[in-house]
Amino acid sequence: MDWLESTRTAFLRAINREENLSRYAERVGVSYSIVNRLRSGKTSFAKLDLSTFFRLFPELKIFFFREDYPEPAPRNGAVEVGGNLSGIVVQNGKIRNLHPVPGGDSVDLRTLARKVRRSDRFSPEERLKILDFLDEEL
């Protein structure tokens, strides 16, 4: 599938998520007439300027070089310790350093458990679930 077909498929998927063409056009900030012409095939995605293209797909990310690709997400049963940027993942009871970030602080499991207990970001039930998970999986 070439990029035009992929773009059209993604565009139709985005419209179906919104369930309304005018609501989609309003949300992304592109005129209804452009969105309607794209859907009907009267306008091609190849003719769009980049600013319109990026408004149609606000979640789109482009990586110009392979070294800019994001690291793969940890596998099931893995917990990232220290936040999304720490690079320290606990999986199957083993601590792994997947992608070290300069200046990132690691957090030991006791400190993590203590922070979860004290955090008011979670309800008491959520705290118990997180602590039970840490006890069982790690």
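The overall architecture of the protein chain is described below, followed by two local regions.

The structure is a predicted model, in which local features require pLDDT of at least 70 and side-chain atom pairs count only at pLDDT 80 or more, whereas totals for chains, interfaces and linings use all residues. Residues are numbered from 1 along each chain as its sequence is written, and side-chain values use heavy atoms, with hydrogens and water left out.

The protein chain contains six helices and three strands, taken as DSSP runs (helices, H or I, at least four residues; strands, E, at least two) numbered from the N terminus. Along the sequence, these elements follow the pattern α-α-α-α-β-β-β-α-α. Of the 138 residues in the chain, 25% are buried (under 20% relative accessible area, with exposed meaning over 50% and partly exposed in between; 1.4 Å probe, protein chains only). Among contacts (heavy atoms within 4.5 Å) with a separation of 6 or more, 33% involve residues 24 or more positions apart.

Helix α1 (residues 3-18) includes Leu12, which is partly exposed because its relative accessibility is 31%. The C-alpha atom of Leu12 lies 7.3 Å from that of Arg39, although the two residues are 27 positions apart along the chain.

Helix α5 (residues 109-118) includes Arg110. Arg110 has a relative accessible area of 69% and is therefore exposed. On the surface, Arg110 gathers with Arg114, Arg117 and Arg118 in a patch of positive charge. Such patches are made of residues with over 30% relative accessible area and no salt bridge, like charges being joined within 9 Å; a salt bridge is a side-chain nitrogen of Lys or Arg within 4 Å of a carboxyl oxygen of Asp or Glu.

Technical notes: Patches are made of residues with over 30% relative accessible area and no salt bridge: like charges are joined within 9 Å, nonpolar side chains (Val, Leu, Ile, Met, Phe, Trp, Tyr) within 5 Å. Accessible areas come from the Shrake-Rupley method with a 1.4 Å probe; for residues, only the protein chains shown count as cover. Lys and Arg count as positive and Asp and Glu as negative; His and the chain ends are not counted. The place of a charge is taken as NZ of Lys, CZ of Arg, CG of Asp or CD of Glu.
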